[in-house]
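Welcome to my notebook. I jotted these entries down while looking through the structure shown here, and you are welcome to follow along.

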Amino acid sequence: MVPLFQPLGDDYLQTLLDAMQSIKVPRDNLVIRKGEQGKTFYVVCQGTCSARANGRILKKYVQGDYFGELSLLKDEPRAADVLVDSQEAKLLVLEREAFCRLLGPLQDIMKQQADRGYSNPGNIAFNPMWCSR
């Protein structure tokens, strides 16, 4: 599997990173609420999060994993809650407008993955230096 950001050149990747904000979210706080309209895409820099629905953990997210893309790609409400499991999570956040503009070249890849029933088959080409903001 090709890591999600691998097709992007260094200059393009830098433009993408410049558009992302870094946030810290404490344990047990909601990052995404099921049923809300999606406005953001997230990349986990540090810590862990989990997608949950109906009292079940659907997926765990660790450093380099991303989430929130399904609602943006399909223009549908969020399918699950995402909560922080670790003491704190540091996340990179990309708003819908920038997501559509900057990740256009990758949207087909993400749609294909979503159509296969999973949003993130593995780690993106992650560099911990991205989180040194």
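This is a predicted model: local features need pLDDT of at least 70, side-chain atom pairs count only at pLDDT 80 or more; totals for chains, interfaces and linings use all residues.

**Entry 1: a strand pair and its sheet**

I began with β2 and strand β7 (residues 81-84), which pair in the antiparallel sense over two bridges. Two strands count as paired if DSSP finds at least two bridges between them. Strands are DSSP runs of E with at least two residues, helices are runs of H or I with at least four, and both are numbered from the N terminus. In this pair, I32 stands opposite V82 in β7.

Residues are numbered from 1 along each chain as its sequence is written, and side-chain values use heavy atoms, with hydrogens and water left out.

Next I asked which strands form the open sheet. Four strands do, in the order β2-β7-β4-β5, with antiparallel pairing. At the edges I found β2 (30-32) and β5 (56-61), each of which pairs on one side only. The twist averages 35° from one strand to the next; axes here are lines fitted to C-alpha atoms, for helices over the stretch in contact, and angles run from 0 to 180 degrees between N-to-C directions.

**Entry 2: strand β3**

I then turned to β3 and asked how many of its residues are buried. Six of the seven are, so β3 is largely enclosed by the rest of the structure. Buried means under 20% relative accessible area, exposed over 50%, and partly exposed in between (1.4 Å probe, protein chains only).

β3 pairs with β8 in the antiparallel sense over six bridges, and V43 stands opposite L92 in β8. β3 also pairs with strand β6 (residues 66-67), again antiparallel, over two bridges; there Y42 stands opposite F67.

I looked up Q46 too, which lies in β3 (residues 40-46). Q46 is partly exposed, with a relative accessible area of 45%. Leaving out residues up to four places away in sequence, Q46 touches E88, A89 and K90, where contact means heavy atoms within 4.5 Å.

**Entry 3: helix α1**

In α1 (residues 10-19), I found L13, L16 and L17 buried. They cover an arc of only 95° around the axis, which puts them on the same side of α1; the arc is that of the directions from the helix axis to the C-beta atoms. The buried residues of α1 pack against β8 (88-95) and α3 (96-102).

**Entry 4: salt bridges**

How many salt bridges does a search of the whole structure find? It finds four, a salt bridge being a side-chain nitrogen of Lys or Arg within 4 Å of a carboxyl oxygen of Asp or Glu.

R52 and D85 meet in one (2.6 Å, N to O). R52 lies in strand β4 (residues 49-53) and D85 in the loop between β7 and β8, so the pair ties together parts that are 33 residues apart in sequence. D85 is buried, with a relative accessible area of 14%.

D85 also meets K60 (3.2 Å, N to O). This pair links distant parts of the chain, with K60 in strand β5, 25 residues from D85. I noted R52, K60 and D85 as a network of salt bridges.

Finally, E36 and R33 meet in a salt bridge at 3.7 Å, N to O.
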